[in-house]
Amino acid sequence: MDTIYNDFVIRFANVNGSGSASANGMFAKALFRMGIPVATRNIFPSNIQGLPTWFEVRVSEQGYLGRREGVDIMVAMNAETLVEDVASVKPGGYLVYDNSKPLAKTLRRDDINEIGIPIATLLLTEFTDPKQRSLFKNITYLGALAGLLNIEFEVITGMVATQYKGKDALIAPNIHALEIGRDYAYQYLSAPLPLQVRRSNSLGDKIMLDGNMAAGLGSIYGGATVCAWYPITPSTSVAEAFEQHANKLRIDKATGQKKFAIIQAEDELAAIGIVIGAAWNGARSFTATSGPGVSLMSEFLGLAYFAELPAVLWDIQRAGPSTGMPTRTQQSDVLAAAYASHGDTKHPLLFPADPKECFDFAALALDLADRLQTPIIVLSDLELGMNDNLSDPLEWDDERRYDRGKVLDAQALDDLEVFGRYLDVDGDGIGYRTLPGTHPDKGGFFTRGTSRDEFAAYTENPEAYQRNMERLLKKWQTAATLIPRAEISQNGCNGGVLYFGTTALPMPEALDLLAPEGIQLDTCRVRGFPFGEEVVNFINEHEFVFVVEQNRDGQMRKLLINEHDFDPHKLVSITYYAGLSISADFIQQSIADYYQQHKLARLTEVQS
Amino acid sequence: MTFVAKPKTRHPHLPVNEIGLTRRDYEGAVSTLCAGCGHDSVSAAIVQACAELSLPPHRFAKVSGIGCSSKTPSYFLSKSHGFNSVHGRMPSVITGANLANKDLHCVGVSGDGDSASIGMGQFAHVVRRRINMLYVVDNNGTYGLTKGQFSATNDLGSTSKKGVPNLYAPIDLASIALQLGASFVARSFSGDKRQLVPLMKAALKHKGMAFIDVISPCVAFNNHQGSTKSYEYLRHHGQNVVNADYIGDHEEITADYAPGSVEDVTMPDGSTLRMYKLDSAYDPHDRVGALSYIQRKQQEGEVVTGLLYVDPDAADCHEILDTVEQPLNELTEQDLCPGNAALTAINASFR
C-alpha cells in the first residue's frame, strides 16, 4: 500500500471538561509547526463538563481548509458516543481506541482498521494519582499518534516545555506520558501507518489563530477605547482578547494606567447603549455579541441609524433561531443584521473570511462607523471566531491614519458661518458633527431619535422628515462606495458562484472537485453590504449564479434580490445549516445535481 | 406650556457669576410641558445650581431616555450637547459618554417609568458602577405622556385620577440607590427650591454616582386627592432629615436654616459641603441606617427628603477601571495604535 502523506481528516471524540482540548490543540499545532496546512474544528456542547465533544483536524497538503465529509482516523475516547464514532469512520480508515476494555462485538467493522491501545492499563502502573492518570490519557494518545502518524517528536515535546513554562514539575510527567504512547505504538502497532505526515513547506509565514482573537487585536490597532459587552457564545472571546492584549499594548508607561475602558454590561441593551454613548462623545467603541444579542440591540441600532452615531458591532453568528444551537456555526443573521430595528433602517455589514480579515475589518469598521456616522455590523461566525484558522500574518501600515470622519473642532466652528448638524454640505449625505464640550457658544445640538430638521431642531414637518430620510438613502449610496470590494475571479464562465464569510473556506476544494465534471464557475466573494457595483455587474454578467450560504432561508440571496431586483430564477440557492461548517463535498454535490437536473452544458464530458 | 419664544436679549442688570455669565446663559429652550409641571422646577433648579457654581455651560453631557422627564434636557443648558435616547436606557448611554470623556459633567434625567420599570436594570447597574454623574429622577408616579397609567413608584393604595387604587407595592429608587452603592443619595421635592438647589449643587460637585429622587407632581394626571405624589401630599408628609449647602472657596458661610447639628464635609475639589441635620438621630454616613430609616418612615406614610447619604471619598468608575488622566476621546493614534513593529511578537505567538 502506498503511503499517503498530509491528507486526512482526524477526529477526536472526548468528554468535555476532561482536559482533551489541550492535547488535541497540541496535535494540530505540532502539524502546523511541521509546516503542514491544518484546519481545526471544535464541535462542542453548550456545557462545561461531562457531555460529548469532538475536535476535528483537516490535514491537507493542498491547503484545503474547509470541512470534508468522512473521518479517516477516529480517536474514540468517549464510550457514550462510541457507536456513532465507529460508524463515522470511512471504509479503510482507522479507529484508535483504548482497548483496556475490549471493543463490543457489535461495534466491530471489517472495513476499517482497529488500533487498540491499552491507555488506562499503561497509565495504571506509571501514575499513582488518579487525576493525573485521567489527564494523561489525552497526552498518551497524543504520544501514540506521534508514533502512528510519524509526527516529529521534538516538536511535541517542545510545545510541552513551552506550555508548562514556570510549572516545570509538570514537564517531565507529560513527556513521560507522551513516551508511553509513542513507545507502545512502535513496539506493538505497525507504526507508522501508511497514512502519515511529513514536514512540508507549504505554509510560508502563516500564523494560526482564531478570528475573535484577531478581531480583538484589530480593535486595539483601530483605536477603540471603549468596549462594552455581555457574555454570549461564541462572541465572548472577542472582548476577552481585546482586554487581554489591551492590558499589554494600551498601558501608559509613566503611570501604569489604562488607555481603554472595558465594561461587562448587564445585558446586550446596555452594551450597545454604552457603545453609542461613547461614540456620541467621540470615543471609538465597539461591542461583540451573537444572534440573540443582535435582537436585543435592535432598538438602539435604529436609534443610532436615525440619530447618525458611529458604533461597531461584531456578531459572531451561531445556529438560531432563539437559543438554537449556541455552540454550532451558521450564517443566519444576515437579514436580521442588515435590517435590524423598526422603521426604515439598514446597516452596512462586513463579512470577514479569515483571521487576517477579522483584524483588518476591525480597524476598517471603526473608520467606516466614524466616516458614515452609523452602526457597522461585522458578521463573523463560530467557525471563524472560535476555531484556530490559518491566516496570513497580521500587518499594520504605519503610514495609515484613522479616518475620524466629519467632526468639527472649536476652530472649525469659528471659521464656519452656519452650522447645521444634518445639512448635506458635501452632497454625500453625511453631515458634520460636533462632540460635546467642544465650543462655548457654537455647535451644540440635541441628538435624538425623533425627527428633526437640518439644524437638529425637533420637527414633525412632513417635508423635513422625508428630506432627512432621503438624505439617509444618499448616505447609503456613499456607503456602497466605501465598503470593501468583493473578491472576483472571472474566466468567462456562463455561471458564477457567490459566497461570503467562512463559506469561502471549502470553496477552492469544491471548485477543484467540480472541474473534472466539466463544471467551471466564476467566483464572487462578497465582503460587505451595501453591495458594490462589482457585485451587481457580476450577477448581471452571468446566466445563473449559485448563492452558497449557511442558513436555511438563503438570506444573502434574498438580500441581493431585495436590494437590486435581480430575477429570482437567476440566483440559485445552495444552503447548508445543520450547524457544522459547510463542506466542499456538499457544495460540489449540490452544484453538480443542479447541472444534472437542468441539463446545463459542461466544458468536457463527465469523467467516469 | 407657552408658545411665546424666549427673547434673546436679557436684562442689563442681571447678576453675573464668577465666569461672567448670567442665569440666562444656563437656560434652554422654552418648555413644552404642562403649566405647573414639577419637572420645570427641576430644570430651573439645575439652571440655578449650574449658574451659581459658575460651571461652563457647554461642558455638560445631558442624557435622557423617553417620557416627559426625558424631554427636559432641552430646557436647560442649551449650550451643551444633549442626547434624548431610548426608553429606560439613559444610564448606558451616559456610561459610554462618561467613559469617553471624564472631564464633562454628566447629567442624566430620567423619570419613574424610565428608571423604575423599563430601565430598572440599567438604573441598578449604573449605580453599581459608580459612574461620575448627577442622576435626577423626576418622580411623579405616573406615565404622563401616555395619559396617566400608574408607574412602579406609585404607592400601594394611591389612587388614579378616576379613583382606582394602585394594587402593587412601590419601588423606592432612593433605597435601591443606597443599597447598590451610590456615593451620594438625596430625595427632594420639586416644590421646595430652597432644599433642591443646594442638593443639586452638592451633587454636581460630588465625584461619583450622585442620585437625586425628586418628587415632581404631574399636574395633569397625578395631583389629585388620593395621590401620594401630589403637591398637597408632599407639603404635609415630606420630612426633611438633612439639608445640604454647597459652599465654594470664596463664599461667606451663611445659613438661614432652623438650628440643628451642623457638619462640614470637604469635597474632592477643596470646597465644602455643609450639612444641617434636622433629625439628630439621622446619620448621613450610615448607609444601612439610612436605608432602615427611610423604609420605616415610608411605612408610616412619610416621605423622607434631604441629603440621605454621602461618601465623598468613594472611587468613581474611572478610578475603579484605572483609566489614564486624559479623556479617552482625546487620545491620538500615537497613544492608541501599537504600530506594525509590535505585531512581530504577536504574530510569533501564533506560530
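Trainee: Into which domains is chain A divided?
Mentor: Chain A has domain 1 (4-196), domain 2 (208-391), domain 3 (407-482) and domain 4 (487-597). These bounds come from an automatic or database domain assignment. The model is predicted: local features need pLDDT of at least 70, side-chain atom pairs count only at pLDDT 80 or more, and totals for chains, interfaces and linings use all residues. Residues are numbered from 1 along each chain as its sequence is written, while chains are lettered from A and ligands numbered from 1 in the order in which they are written.

Trainee: How many residues of domain 2 of chain A are in contact with domain 3 of chain A?
Mentor: In domain 2 of chain A, 13 residues are in contact with 12 residues of domain 3 of chain A; contact requires C-beta atoms, placed from the backbone, within 7 Å. Helix 10 and helix 12 of chain A are the elements that give two or more residues to the domain 2 side. Helices (H or I, at least four residues) and strands (E, at least two) are DSSP runs, numbered from the N terminus.

Trainee: And how many residues does the contact take from chain A and from chain B?
Mentor: It takes 56 residues from chain A and 48 residues from chain B. Helix 9 of chain A supplies the largest share of the chain A side, nine residues. That side divides into 31 nonpolar, 14 polar and 11 charged residues. Here Ala, Val, Leu, Ile, Met, Phe, Trp, Tyr, Cys and Pro count as nonpolar, Asp, Glu, Lys and Arg as charged, and the others, Gly among them, as polar.

Trainee: Which strand of chain B is joined to strand 19 of chain A?
Mentor: Strand 2 (residues 81-84) of chain B runs parallel to strand 19 of chain A, and three bridges join them. Arg448(A) has Asn84(B) as its bridge partner.

Trainee: Changing topic, what is Val226(A) in contact with?
Mentor: Beyond its neighbours within four places in sequence, its contacts include Ala261(A), Val275(A), Gly96(B) and Leu328(B). Val226(A) is also among the residues with the most contacts inside the largest nonpolar core, which has 267 residues. Helix 12 (residues 355-372) of chain A gives the most to this core, with 11 residues. Such a core is a set of buried Ala, Val, Leu, Ile, Met, Phe, Trp, Tyr and Cys residues joined through C-beta atoms within 7 Å.

Trainee: Is helix 1 of chain B mostly buried or exposed?
Mentor: Of its 15 residues, 14 are buried. A residue is buried if 20 or more other C-beta atoms lie within 10 Å of its own, exposed if 12 or fewer, and partly exposed in between, with C-beta atoms placed from the backbone.

Note on methods. Contact = placed C-beta atoms within 7 Å. Pairing = 2+ DSSP bridges.
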